[in-house]
Structure formats: C-alpha cells, structure tokens
Amino acid sequence: MSKSGPIFKPGPISAKPLGTLLSDVFAEAYAKQGFAARELVTRWAQIAGPEIAAHAEPLKMQWPRPVEGQPQEPATLVLRVEGPMALEIQHSADVILERVNRFFGWSAVGKLAFRQAPLSRPRARKRPGPPDPKAVAKVAESLTDIEDEQLKSALARLGAAIKRN
C-alpha cells in the first residue's frame, strides 16, 4: 500500500450577498451624484411616502462649496418629477424637506430643485383579473371537439382572456 498525502476536505462555502460585494461600486456611483449614502435613493418610497415616490425620485444632491470659517450650508436635493405632477410635488416641498431631513437627522437639505422627466424605474404593471364567466362559457361552447374537461376549461379561460385584451 502506498501512502498518499493528506486528504483535504473543502471548507464551508461562504457566499456573500451581491449587494455586499458591489457596495464599493455603488457607493462611488452615488458619491458622484452627491449622495453621501445610497439609502436616500434605495429607501425613497419609505422616506418620502408612497404618494410622492410614485411621481418623484431623487436625482442628485448639490452641495454648495464650503467657505472657510463658515458653517456648511445645506444641500439642494434635485428630484426627477413626472411632468404632470411637478406642480403638485412642488406644493409638497415643505413636507419632502421635513421627511428627508428627519431621515438624515439634521438639516442636510435646504431646498429642492425639480427636473421634469419620466421616472427611471418602470411602473409596476397591474395584473388583469380573471376573465368574465359569461365570456368563458361562450368560448367553452365553441370547444365541442375537446373531451378533456380540464383542458376545455383552461382553453375557454385562455380564449376569453385573449378576447378581452
């Protein structure tokens, strides 16, 4: 019998979340837009509220150049706002400023600027409800050649949904 070297067993796999691995990349991208932390962007719906977040999103923060011997002045938060809602969001500026500064814990943002443009994220599409039972029954009447009842029912629902759209 020949002696072979020690047998190495693989250790436990320590998979890391993708967000952790890419945190430096994201931090650099957000820093270029003036965001000290990405949470303002990633948690915008929680910070601003769902009504505001549905029509506006943070684009960047513009910090004024510090003057030596003077305290740091608050930043301007630039929001991308959907065209028709820009006026409504502008009327909510005080509420937005209060919520953002409460999130930061200090008066980080002094004013808002708006850029009218479509939002960058796609809107959630609503799933259509089930087809009308009368339409399903009407399509089912035309499926006389199909003997399997489950298949016939499924095809009738599919046909009614296609006709509805």
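Select Arg102 and Glu98 to begin: their side chains meet in a salt bridge, 3.3 Å from N to O. The term means a side-chain nitrogen of Lys or Arg within 4 Å of a carboxyl oxygen of Asp or Glu. Both residues sit in helix α7 (residues 93–104), four residues apart, about one turn of the helix. Helices (H or I, at least four residues) and strands (E, at least two) are DSSP runs, numbered from the N terminus. Arg102 is exposed, with a relative accessible area of 57%. Here buried means under 20% relative accessible area, exposed over 50%, and partly exposed in between, with a 1.4 Å probe and protein chains only.

The model is predicted: local features need pLDDT of at least 70, side-chain atom pairs count only at pLDDT 80 or more, and totals for chains, interfaces and linings use all residues. Residues are numbered from 1 along each chain as its sequence is written, and side-chain values use heavy atoms, with hydrogens and water left out.

A search of the whole structure finds two salt bridges. For the other stop, select Arg80 and Glu57, whose side chains meet at 2.8 Å, N to O, in a salt bridge. Arg80 belongs to strand β2 (residues 75–81) and Glu57 to strand β1 (residues 56–62), so the pair ties together parts that are 23 residues apart in sequence. Are these two residues, Arg80 and Glu57, buried or exposed? Both are buried.

Next, select Trp63 and Trp106. They form a stacked aromatic pair, 6.3 Å centre to centre with 20 degrees between the planes. Rings of Phe, Tyr and Trp (its six-membered ring) pair if their centres lie within 6.5 Å; planes under 30 degrees apart count as stacked, over 60 as edge-to-face and the rest as tilted. Trp63 is in the loop between β1 and β2, and Trp106 in the loop between α7 and β3 (109–116), so the pair ties together parts that are 43 residues apart in sequence. Trp63 is partly exposed at 35% relative accessible area, and Trp106 is partly exposed at 45%.

Move on to Leu151, Leu155, Leu158 and Ile162, which make a nonpolar surface patch of about 360 Å². Patches are made of residues with over 30% relative accessible area and no salt bridge; like charges are joined within 9 Å, nonpolar side chains (Val, Leu, Ile, Met, Phe, Trp, Tyr) within 5 Å. Ile162 lies in helix α9 (residues 149–164) and counts as exposed at 56% relative accessibility.

Finally, show the whole chain. Its secondary structure comes to nine helices and three strands. Buried residues make up 26% of its 165 residues.

Conventions:
Accessible areas come from the Shrake-Rupley method with a 1.4 Å probe; for residues, only the protein chains shown count as cover.
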